[in-house]
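Here are a few friendly notes to read alongside the model. Keep the structure open and find each part as you go.

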Amino acid sequence: MSLLKHVWRAPLSAQFGLLMILLYVLVAVFAPVLAPFGETQVVGGGFEPWGGQFLLGTDNLGRDMFSRLVYGARNTLGIAFLTTVLAFLLGGSCGLIAAIKGGWVDQGLSRVVDILMAIPQLIFALLILSVVGTTATSLVLVIALLDATRVFRLSRAVAMNVVVQDFVEAARLRGEGLCWLVTREVLPNAAAPLIAEFGLRFCFVFLFISALSFLGLGIQPPTADWGSMVRDNAVLITFGDISPLLPALAVALITVSVNFVVDWMLHKSSGLKEC
Amino acid sequence: MRSIFKLLGQRLALGLLSLFAVSVIIFLAVGMLPGDIAQAMLGQSATPETVAAYRAQLGLDLPPLSRFGHWIWQLLHGDLGVSLANQRPIAELVGSRLGNTFSLALLAALVSVPLALCLGMLAALYRNSWFDRLLNTSALSAVSFPEFFVAYILILVFAVKLNWFPSISNLAPDASLGTILERSVLPVATLSLVVIAQMMRMTRASLINLLASPYIEMARLKGISQSRIIFRHALPNALAPIVNVVALNLAYLVVGVVVVEVVFVYPGLGQLLVDSVAKRDIPVVQACSLIFAATYILLNTSADVLSIASNPRLMHPKG
């Protein structure tokens, strides 16, 4: 069955999710074309109302809200995606190597991960960020490291089931190196759960970065970012204006969409029923 | 019974070990600071002699191991150190806030645990019905919402449009219980909504797993009434996963409190932590992280212990 046919037969929630993800990616890629104003350009007075020249009004410093929303897609999604990829490269490769090598490599890595996971993520991130300072680079590295522990657990567990199979043993006896074992024998058989995990991790990372930015400790101004946009304009809510909720809604919508799609994929791969 | 005590002992030891490891990590984090605390406290204009004298006063010239010992010793005696920002003892700063944070988390737990368990059980019993689907989809959405989004929607609806509750939950130290409760409604609602969704999903999943097992099928074939199947056959076995779910979510609650406190300007530990991170007031960050991490580990360990203790199979080992 082709990919399109799969999508056509997917439940409504998953189709909605796929559509939204596509939309977000398009907005992120074509941000400079879609946005009427620049990302950090001050174009009017602070807190101007909706309509007219400014589609969604202006923010606290007089920057166009709509343009910043569009650029926010690029910054927030981009950073979250980069972080997730890093977490998977680190956690995934360590997990696979731990499963293949076994012995003290496995023991050592697992204990380190146990200890890192014993600290609540947000607290650990705050602790590290207070020491190294809140820059985008340290943010990406810290969150990637923290999420790598979760990826490690999963990829190790999945790979453990694969490495005991005969074809891996055969490859070992053939004298294949670690690189071959990881990329040619184990990875293809561990791909499905890892892809679903990638979606879930992305949601977590995305919410995490938004929360940190909302707390003023994530992506730093003047970069347009959804979390800090909510924080900067939150005062408007007490006047019944919903524009500060728009970036929060943007965050919620993409996480819901990814969750819907992942839910559908997990359902499909578990083979429970076709629906 | 021997094996169960051994298992419990192992879990407790593991909890203590991670607590120790966490305190080492938190201690080391300060060591990674560019420059050191003495320099940071005295500012740029301090002469090298004053810095050296101050280092000696703080005990920073001692080797790391004895400094760590000293730090732990002071912690165990309730001395959390002094804040860099305003030179006040941290225990004083933390004191009342700690109570506020825990009461917020406790209230949220009291609201969310019974509600989530009931909803989860109902969803499991009537699985694949429209009720279950509705609950499941809304739970999935609620899990994906950032906490500040839920919080601001509640503020917009209940504080601004309906004007039922205040949008800001700052508490005076001498506030009456009524005021405290009224001001805690929206923060508690926010926390509960997020946690209920997760707890409900996990309860439903563990119950559905259980209801599919052969002995339940057997009980049904014997013609036992539905309620007896649930209370006599299913529930004792479901207790372990459910207890686990509850404890894990309480651990989440204690941490999730941070964002909610900031939104509602609630005078809790989370807000102190966030403020201190922004000010890079390391000793306060250290103290707050340690308290949060210790609570988290405590709850996680008790989740393990309770799920072992409530597992009927482990209570009656064969042979």
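1. From the N terminus on, chain B runs α-α-α-α-α-α-α-α-α-α-α-α-α, which comes to 13 helices and zero strands. Please keep in mind that this is a predicted model. Of the 319 residues in chain B, 34% count as buried. Take the contacts in chain B between residues at least 6 apart in sequence: 73% of them join residues at least 24 apart.

2. Now turn to chain A. Its secondary structure comes to 11 helices and zero strands, and along the sequence the pattern reads α-α-α-α-α-α-α-α-α-α-α. Chain A has 275 residues, of which 45% count as buried. Its C-alpha trace spans about 70 × 50 × 30 Å along the principal axes. Among contacts in chain A with a separation of 6 or more, 67% come from residues 24 or more positions apart.

3. How many residues does each chain give to the contact between them? Chain A gives 37 residues and chain B gives 40 residues. On the side of chain A that touches chain B, the elements giving two or more residues are helix 5 (103-118), helix 6 (121-132), helix 9 (178-214) and helix 11 (245-270) of chain A. The largest share of that side, nine residues, is from helix 11 of chain A. By class, the residues on this side of chain A divide into 28 nonpolar, eight polar and one charged.

4. Next, look for the largest nonpolar core, which has 153 residues. Ala125(A) and Leu126(A) are the residues with the most contacts inside this core. Helix 10 (residues 226-263) of chain B gives the most to the core, with 17 residues. Back at Ala125(A), leave aside the neighbours within four places in sequence, and its contacts are Val142(A), Ile143(A), Leu146(A) and Leu212(A). As general background, nonpolar side chains tend to be buried together in soluble globular proteins.

5. From helix 4 of chain A, the contact uses Cys94(A), Ile97(A), Ala98(A) and Lys101(A); from helix 5 of chain A, it uses Gly103(A), Val105(A), Asp106(A), Leu109(A) and Ser110(A). By class, this contact has five nonpolar, two polar and two charged residues.

6. Is Tyr71(A) buried or exposed? Tyr71(A), found in helix 4 (residues 65-101) of chain A, counts as buried because it has 25 C-beta neighbours inside 10 Å, and the cut-off for buried is 20 or more. Leaving aside neighbours within four places in sequence, Tyr71(A) is in contact with Ala31(A), Ala35(A), Glu39(A) and Ala224(A). Tyr71(A) and Val29(A) are 42 residues apart in sequence, and their C-alpha atoms are 9.4 Å apart in space.

7. Finally, visit Gly38(A), in the loop between helix 3 (31-34) and helix 4 of chain A. Gly38(A) counts as partly exposed because it has 15 C-beta neighbours inside 10 Å. The C-alpha atoms of Gly38(A) and Asp64(A) are separated by 8.2 Å, and the two residues are 26 apart along the chain.

Technical notes: Residues are numbered from 1 along each chain as its sequence is written. Chains are lettered from A and ligands numbered from 1 in the order in which they are written. This is a predicted model: local features need pLDDT of at least 70, side-chain atom pairs count only at pLDDT 80 or more; totals for chains, interfaces and linings use all residues. A nonpolar core is a set of buried Ala, Val, Leu, Ile, Met, Phe, Trp, Tyr and Cys residues joined through C-beta atoms within 7 Å. A residue is buried if 20 or more other C-beta atoms lie within 10 Å of its own, exposed if 12 or fewer, and partly exposed in between; C-beta atoms are placed from the backbone. Helices (H or I, at least four residues) and strands (E, at least two) are DSSP runs, numbered from the N terminus. Two residues are in contact if their C-beta atoms, placed from the backbone, lie within 7 Å. Ala, Val, Leu, Ile, Met, Phe, Trp, Tyr, Cys and Pro count as nonpolar, Asp, Glu, Lys and Arg as charged, and the others, Gly among them, as polar.
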